[in-house]
Amino acid sequence: MNRTNGVHIVRKPAILNGALLTLLSMILILSGCSSNGTVSEAKGATGKDAKNVKIRIADTSTNPMFRIAIAKGFFESRGIDAESITFGSPAEGVNALFIKQVDIAYGADFPVLNALAKGEYSVIASAGQATDEAAAAWKLYAKNEIQSGADLKGKKVSFIRGTFIPYLWDEYLKDQGLVLSDVTQVGQGAFDESYIALKQGELDATWVIGSALTDKFDTLEGVHQLTDMSQTPVRLGMGVVASNEFIQANPETVSAFLAGLDEASAYAQAHPEEVADLMYKETKQPKEATLKDLPINPWEVGFTQAAYDSLAGQKKYMVENGIIEQDFDLDSKLNLGPLKQVLPDKVTYMQ
């Protein structure tokens, strides 16, 4: 103890000062963990549990299912940090799997089969829609002078690149006494391109899906609705696909994802007004369009014999026409284990 100007100064041992500093540091770290989520062991940058597995989902601006699952917490409650990434078409989303921009995608049989043929990818579920009612939602718009399918000979018709639409044209034209080579196919990236091209006279006919789009096409001068897909033999299957690498690394998460998607699909049908509000808020899709489309295209997460037959039939067409260069065993491209774990009653196809 020293005496300075009458004041007693007590010198603490250095080792005690070090212990106090250590204790203060620990308190600061612990308080940081419990309050602001900046410590990685406690929470991620988004404030979500760091144990949540990140899934990037390929989506489109007209599909409400993933958005509902995210907004209502059906994914988060199952340990999934889901991000919806919007593409111009499901086919573009499936293609994004190839560059690992997304982890899971959905699409019609055509782009899904294209992915299966190109690498280590598997179907993890189907989402239904192979019905007459769903087929009727696909409308064929043509210039007014085209009054029958036979009038399409020599005309320019649209298809969205990477989709099943060339197959649809092929089947439709056969019924009209024509072959695919009787028309000129013009590849486009999205339906909005088809709208502009038809409006400007650069196209003669195009297939369109979705009430928001068909409402626009209905107002085009000099254009009318010629038919719909239910008048053809084509029925549209739809699959959910992921890379084998992702599935093998996250089997429990894939199961949880499918369970959350199933819950979202049921919720969407039961709460159409809420879904319409969400879609308008996030994508500006008119509420009336969502309300029209929801009952026509309900998602049924599972895998049925009909889903398998739809894939097998379109694969046969793609192989025969050289779209798929190397044939493959379809059953080897089905990974239904995660689906069976959470929704066993909805897997009625027996491999």
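Mentor: Helices here are DSSP runs of at least four residues, numbered from the N terminus. The model is a predicted one.

Trainee: OK. Where does Lys 284 lie, then?

Mentor: Lys 284 sits in the loop between α11 (272–283) and α12 (287–296).

Trainee: What about its phi?

Mentor: Lys 284 has a positive phi of about 65 degrees, although it is not a glycine. Most residues other than glycine have a negative phi.

Trainee: Is Lys 284 buried or exposed?

Mentor: The relative accessible area of Lys 284 is 56%. Exposed means over 50%, so Lys 284 is exposed.

Trainee: Which loop holds Lys 100?

Mentor: The loop between α3 (90–98) and β5 (104–108). Lys 100 is not a glycine either, and its phi is positive, about 60 degrees. With a relative accessible area of 54%, Lys 100 is exposed.

Trainee: Switching to helices. At what angle do α3 and α4 pack?

Mentor: About 15 degrees, with the axes 9 Å apart; α4 covers residues 109–118. Angles under 35 degrees count as roughly parallel, so α3 and α4 are roughly parallel to each other.

Trainee: And is the crossing left-handed or right-handed?

Mentor: α3 and α4 cross in a right-handed way.

Trainee: Which residues make the contact?

Mentor: From α3, Ala 91, Val 94, Asn 95 and Phe 98. From α4, Pro 111, Asn 114, Ala 115 and Lys 118.

Trainee: How many of those are nonpolar, polar or charged?

Mentor: The contact of α3 with α4 has 5 nonpolar residues, 2 polar and 1 charged.

Definitions and conventions
Residues are numbered from 1 along each chain as its sequence is written. This is a predicted model: local features need pLDDT of at least 70, side-chain atom pairs count only at pLDDT 80 or more; totals for chains, interfaces and linings use all residues. Side-chain values use heavy atoms; hydrogens and water are left out. Helices (H or I, at least four residues) and strands (E, at least two) are DSSP runs, numbered from the N terminus. Buried means under 20% relative accessible area, exposed over 50%, partly exposed in between (1.4 Å probe, protein chains only). Axes are lines fitted to C-alpha atoms, for helices over the stretch in contact, and angles run from 0 to 180 degrees between N-to-C directions. Angles under 35 degrees count as roughly parallel, over 145 as roughly antiparallel, 65 to 115 as roughly perpendicular and the rest as oblique. A crossing is left-handed if the near helix is turned anticlockwise from the far one by less than a right angle, and right-handed if clockwise. Contact means heavy atoms within 4.5 Å. Ala, Val, Leu, Ile, Met, Phe, Trp, Tyr, Cys and Pro count as nonpolar, Asp, Glu, Lys and Arg as charged, and the others, Gly among them, as polar.
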